[in-house]
Amino acid sequence: MEMRLTDILSKPLTSKFEQVEGFLNNTKLKCGRQKKIKAGKIALNYFCRNCDIDITFVSDEELFCIGINERLVSIDCVLTCPRCGEVIPVWFLVESKSDIYSQAPDIRVLKRTERLTENVLLGRGKYDDFSELLEKADRAYRDELGAGAIVYLRKVLERITFQTAEAIDIETKNKNGKHRPFKEILVKVDKECSIIPKEFSENG
Ligand SMILES: [Zn+2]
């Protein structure tokens, strides 16, 4: 059976083009023009803090499509938690191999951006010491802020290292009560517990 636009929008992003049922009625959508389309419902999983569960947020039947050029459209929608009604605005940039308004275009999603509130997480059921930092790293990475993501991941690594050091009685502070340098602790901890994969430790 042929897929619909919303089947692709509900899946994880990939670089592969997939054929879907046409969604623009064989009519070109001029740059900047907006059209309401019906192509099923978008369904994506997030963690809803109000409901305290991982849950599928769902869109309306009607989506807003904005023309960019022959091969690109942007799609706006709002996803809603079916239990409490919490909303997430989501925006997609959809590319097709040839004319996007054709009867059966091959498409892929170039970018997906969601505006998350503090009540919604990307999807992690449990809270622990690290979940907040990992969530921040995830969000930064999604917004293509690789360097930003690394900052949070480095904090996670530092915390794991210091916690491990304390657990195995490695002194983390020097005589005047200050933290010893991270690298020094990391080398000692890794020697005892091997927390760094070899392929990383070998090249420093
Ligand atoms: Zn909810």
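Domain 1 covers residues 5-121 and domain 2 covers residues 131-201, with bounds that come from an automatic or database domain assignment. The centres of domain 1 and domain 2, taken over C-alpha atoms, are 37 Å apart. The size of an interface is often given as the accessible area lost when the parts come together. Here the area buried between domain 1 and domain 2 is about 490 Å², of which 34% is given by carbon and sulfur atoms; buried area is the accessible area (1.4 Å probe) that two parts lose on being put together, summed over both. Of the area that domain 1 buries against domain 2, 60% is supplied by Lys111, Leu116 and Leu121, more than by any other three residues.

Because the model is predicted, local features need pLDDT of at least 70 and side-chain atom pairs count only at pLDDT 80 or more, whereas totals for chains, interfaces and linings use all residues. Residues are numbered from 1 along each chain as its sequence is written, and side-chain values use heavy atoms, with hydrogens and water left out.

Side chains of opposite charge can pair when their charged atoms come close. By the rule given above, the count comes to 10 salt bridges. One of them joins Arg71 to Glu95, with the closest N and O atoms 3.0 Å apart. Arg71 lies in the loop between strand S5 (62-69) and S6, and Glu95 lies in strand S7 (residues 87-96), so the pair ties together parts that are 24 residues apart in sequence; helices (H or I, at least four residues) and strands (E, at least two) are DSSP runs, numbered from the N terminus. Glu95 also meets Arg108 in a salt bridge, at 2.9 Å from N to O. Since Glu95 belongs to strand S7 and Arg108 to strand S8 (residues 106-114), this pair ties together parts that are 13 residues apart in sequence. Glu95 is buried, with a relative accessible area of 12%, whereas Arg71 is partly exposed at 35% and Arg108 is partly exposed at 21%; buried means under 20% relative accessible area, exposed over 50%, and partly exposed in between (1.4 Å probe, protein chains only). A further salt bridge is formed by the side chains of Glu184 and Arg180, at 3.6 Å from N to O, and here Glu184 is partly exposed with a relative accessible area of 32%, while Arg180 counts as partly exposed at 23%. Salt bridges that share partners join Arg71, Glu95 and Arg108 into one network.

Val73 lies in strand S6 (residues 72-80) and counts as buried at 1% relative accessibility. When residues up to four places away in sequence are not counted, Val73 touches Phe23, Leu24, Cys65, Ile66, Gly67, Ile68, Phe92, Leu93, Val94 and Ile100. The C-alpha atoms of Val73 and Arg33, which are 40 residues apart along the chain, are separated by 9.9 Å.

A pair of aromatic rings is described by the distance of the centres and the angle of the planes. The structure holds 2 aromatic pairs, where rings of Phe, Tyr and Trp (its six-membered ring) pair if their centres lie within 6.5 Å, and planes under 30 degrees apart count as stacked, over 60 as edge-to-face and the rest as tilted. The rings of Tyr46 and Phe57 have centres 5.5 Å apart and planes at 90°, so this pair is edge-to-face. Tyr46 in strand S3 (residues 43-48) and Phe57 in strand S4 (residues 53-58) are 11 residues apart. Tyr46 counts as buried at 2% relative accessibility, and Phe57 is buried with a relative accessible area of 0%. Phe162 and Phe182 form a tilted pair, with 6.4 Å from centre to centre and 35° between the planes. This pair links helix H3 (residues 146-167), which holds Phe162, to helix H4 (residues 182-193), which holds Phe182, across 20 residues. Both Phe162 and Phe182 are buried.

The buried residues of H3 are Ala149, Val156, Thr161, Phe162, Thr164 and Ala165, and what covers them includes helix H2 (131-142) and H4.

Notes:
Contact = heavy atoms within 4.5 Å. Salt bridge = Lys/Arg side-chain N within 4 Å of Asp/Glu carboxyl O.
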